[in-house]
Amino acid sequence: MALDQPRKFKYVGTRPARPDGIDKVTGRAQYGNDITAPGMLWAKVLRSPHAHARILSIDTSAAEALPGVRAIVTGADFPPIEGDAGMRDVQLNCMATTHVWYEGHAVAAVAATSQAIANKAARLIKVEYEILPHVTDVDAAMAPGAPVVREGQTMENVPAGMSANVTYHSEFGHGDLAAGFARADKIIERNFRTAATHQGYIEPQACLASMTADGRGELWTCTQGHFYFRTACAAILGIEASALRVTASEIGGGFGGKTQVWAEPVALALSKKAGKPVKLTMTRDEVFRGTGPTVTTSITCKIGMTKDGRITAGEATLRYSGGAFHTGTCDMGAMAAFASYDLDAVRTYGWNVLTNRPKEISYRAPGAPQAIYAVESTIDELCQLLNLDPLDVRIKNAAKAGTKSSYGVVFEEMGLLAALKAAKAHPHWNSPVPEGASRGVACGFWFNFGGNTCVSLNIGTDGTVAVSEGNPDIGGSRASISLMAAEELGVPYEKVRTVIADTGTLGYNDNTDGSRVTFAVGLATIRAAQEAKKDMMRRAAAIWGIDAEAVEWVDGAAVPAGPNAGKFPPMTLAEIAAQSFQTGGPIAGHCDFQADGAGVSFGVHIADVAVDQETGKTKVLRYTVFQDAGKAVHPDYVEGQMQGGAVQGIGMALNEEYIYSDKGVILNPGFLDYRIPVASDMPMIETVILEIPNPGHPYGVRGVGETPIVPPLATLTNAISRGIGKRLYELPMSPPRVLKAIKGH
Amino acid sequence: MVKVALWGTLRQHADGQAEVEVQAANFKQLLDELATRYPGLKPQIKRGVSVAIDGKVYREAWFTPISPDSQVVLMPYMVGG
């Protein structure tokens, strides 16, 4: 499917208005909390005040006696899951049974006739705890004698003798490390730490659940994947998946954080018990305490470099904690750490460690920002020590097509070198650093993937097109899917409407994650459109009385393929559709498949910052993002992803962190104390889209959603460290931490 | 026979080999053969693996064909945000 010649597009690459725009700016869009039902009850979850405790008893009698209370559930109301350890963890995270493993862990839930009654009833539930020792720091959790978060979680790949909190180990890489380091003129080894950060979506988790007496259910929820939510809820409740229909609402941000269930199984269990619909909406406080942030990490990185900037060897040890549950995020970090570089000798080691923190869930390129932060910071320090240009060094070492990556895969065509060269040629890099400011640069990477995808495309008798797809639209995907349908069919964008179908009306679709939707759903839409086109050409041929093979599709119409096919005027899609009842019935195309060949993604960021020497506060003065999009289907949304990802990465770099008390209690569960960047903090993020076609997609599309969160951590570290003349090794670089570095104490 | 590259921590369950040769014409046969010949790999295969075939990453796709000269790399199951 390689593109020999750049394809000329009519609709793809344009910037039409988004189909959901009017509803969203006028407040008509239906988000999770906007859905209601007659007779609906309101729910409240009771959460653990302790970081680690054994549940001795739960007394719900006083709450049950409160007028208006209709149902109470605890862990005892959920059938134990056997065999699937991952899903059992999801269930135990939704509702604790014998132990609570973090402050905020759900222990009971109430449904009542008003939110006020539900809240009051939750406070009347008496839980007797035996408080156990806790640990929230990843290094402390690995130390001998650390409090054990959960016994028996260690997997077969962990060497004997380690802390019981170490559950998983992985190793990647190739080549002779010792020989590589021996060739280096300079070797440095540095330790880094990053804090847990939250996705910070504007819309808290919210759902409406309705179970009926015959065991069937409906669920309306804000989610990144209603098909997975159906699977998970069915497993957790012990019902068949087909008994539950899930409809995705509009979504007020997800960034990975809404790829897992928290509220939904609880709301369904309450509804089942009460026999009424139940609405469950989390508060912001609950979102911070009870849903997944990123991993918290401790990383050691060692790199050797020659005097002329060739990296001879790289080694990194990643210690990741995703809370009290197993997570494979350390794998993703360990594979991604050195992916930007063509190295003869590279090794990475991943460790997963349990701590008494909430269960981690994906956040844009999960695991990669932290690992690449360490690598890109170490490279930058080596560049300073060897007096080398940091962009030239990255160009010299950049991975390219044919490079054996640090995780073993040989890369196909990709755009890192193009992004680096674009950065080097850009006015930002070539402009003088402003007085009192400093400049940083870093690379980033994400794998991208495709996955299970199902699309139906229907041609209306009036010549309009309806696309049904199954991935909640987070970043404008309905517009992008409509553009690809329009392109393939040759009809105006305005004639196509894309909707997100519920789980009862379309085959399974993987979550909206992994930067997969524009790539995978787009590919499925193109294939569905091709099927519909084939049918329309067959019908035109029948009308004309010629062979179907003698018809081709040009600019939205069937036309005879050459002079020998006969002389007929083009028959447009609308004309064929208008006659569909007479020519064989409805016209549709369908595609269900596993999309593969997503194509890796790279980006390069440049930042200019000014650090206030008196307060330690960092101001971002200028920021430019360079990224390979393969083909930008709707450039506004590609730029939006690049800007949004960059801002979230800047938040990770400068301010965002979960702060714990010595009792393991989160001290900043709200946006006043957990500081995410806002518009007034940021300059306009400049974007440069590179288009190096992905050979795995007919239009050359690559996913773009995750890579842009990766480089900012090191980009800002490098800029700030160069600015204050001292290297920083811990995130966030909040004003107190930067001030401490400036003052030297 | 297909050569399959294993990541570091799997090698202890494959007699220390970084690369093993198995008889497999698709992803499923590859997993079945690996689990049969190297039982120590079973827990990881059960938890989930992806496979890269000639640079393309497949998360499931049992029947993805593998030719004898394919470059095959076993990877952990990929997740994203």
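Colleague: Which elements are included in what covers the buried residues of H10(A)?

Modeller: This is a predicted model. In it, the cover over the buried residues of H10(A) comes from two chains. Chain A's part includes S7 (166–174), S14 (311–321), S15 (346–353), S16 (438–446) and helix H11 (368–385). From chain B there is strand S5.

Colleague: How many residues of helix H10 of chain A are buried?

Modeller: Helix H10 spans residues 329–336 of chain A, and the rest of the structure largely encloses it. Its buried residues include A:Cys330, A:Asp331, A:Met332 and A:Met335. The count of buried residues is 8 of the 8.

Colleague: Which element gives the most residues to the side of chain B that touches chain A?

Modeller: In this interface 28 residues of chain B contact 38 residues of chain A. On the chain B side, the elements giving two or more residues are helix H2 (42–47), strand S4 (56–58) and strand S5 (72–76). With 4 residues, the one that gives the most is H2(B).

Colleague: How much area is buried between chain B and chain A?

Modeller: Carbon and sulfur atoms give 56% of the area buried between the two chains. In chain B, 22% of what that side buries comes from B:Arg47, B:Arg59 and B:Gly81 together, the residues that lose the most area to chain A. The area buried between chain B and chain A is about 2,500 Å².

Colleague: Which residue of chain A forms a salt bridge with B:Lys56?

Modeller: There are 3 salt bridges between chain B and chain A, and 12 residue pairs are in polar contact. In the salt bridge of B:Lys56, the closest N and O atoms are 3.3 Å apart. The partner is A:Glu412.

Colleague: How many charged residues are on the side of chain B that touches chain A?

Modeller: Sorted by class, that side has 12 nonpolar residues and 9 polar ones. The charged residues number 7.

Colleague: How far apart are the centres of domain 1 and domain 2 of chain A?

Modeller: The domain assignment gives domain 1 as 296–388 + 413–443 + 600–743 and domain 2 as 450–595. The centres are taken over C-alpha atoms. Their separation is 40 Å.

Colleague: Which residues of domain 1 of chain A lose the most area to domain 2 of chain A?

Modeller: Here 14 residues of domain 1 are in contact with 15 residues of domain 2. The area buried between the domains is about 1,100 Å², with 65% of it from carbon and sulfur atoms. Together giving 42% of what the domain 1 side buries, the residues asked for are A:Val633, A:Tyr637 and A:Tyr699.

Colleague: How many salt bridges are there between domain 1 and domain 2 of chain A?

Modeller: Polar contact joins 4 residue pairs across these domains. The domain 1 side has 6 nonpolar, 7 polar and 1 charged residues. The count of salt bridges is 0.

Colleague: Is A:Asp535 buried or exposed?

Modeller: A:Asp535 is placed in helix H16, residues 517–544 of chain A. Leaving out residues up to four places away in sequence, A:Asp535 touches A:Pro586 and A:Ile587. The cut-off for burial is under 20% relative accessible area. Because its relative accessibility is 15%, A:Asp535 counts as buried.

Colleague: What is the phi of A:Phe255?

Modeller: A:Phe255 sits in the loop between strand S11 (244–248) and helix H8 (264–274) of chain A. At 23% relative accessibility, A:Phe255 is partly exposed. A:Phe255 is not a glycine, yet its phi is positive, at about 60°.

Colleague: Which residue just after H8(A) takes a positive phi?

Modeller: In H8(A), 8 of the 11 residues are buried, so the helix is largely enclosed by the rest of the structure. Among the buried ones are A:Glu264, A:Val266, A:Leu268 and A:Leu270. The residue just after the helix, with a phi of about 70°, is A:Gly275.

Colleague: What is the relative accessible area of B:Asp15?

Modeller: B:Asp15 lies in the loop between strand S1 (2–5) and strand S2 (19–22) of chain B. Its phi is positive, near 55°, in a residue other than glycine. B:Asp15 is exposed, and its relative accessible area is 66%.

Colleague: Which residue does a cis peptide bond join to A:Leu731?

Modeller: The omega of this bond is about 0°.

Note on methods. Residues are numbered from 1 along each chain as its sequence is written. Chains are lettered from A and ligands numbered from 1 in the order in which they are written. This is a predicted model: local features need pLDDT of at least 70, side-chain atom pairs count only at pLDDT 80 or more; totals for chains, interfaces and linings use all residues. Side-chain values use heavy atoms; hydrogens and water are left out. Domain bounds come from an automatic or database domain assignment. Contact means heavy atoms within 4.5 Å. Buried area is the accessible area (1.4 Å probe) that two parts lose on being put together, summed over both. A salt bridge is a side-chain nitrogen of Lys or Arg within 4 Å of a carboxyl oxygen of Asp or Glu. A polar contact is a pair of N or O atoms within 3.5 Å; within protein, one must be able to donate a hydrogen and the other to accept it, and residues adjacent in sequence count only if both atoms are side-chain atoms. Ala, Val, Leu, Ile, Met, Phe, Trp, Tyr, Cys and Pro count as nonpolar, Asp, Glu, Lys and Arg as charged, and the others, Gly among them, as polar. Buried means under 20% relative accessible area, exposed over 50%, partly exposed in between (1.4 Å probe, protein chains only).
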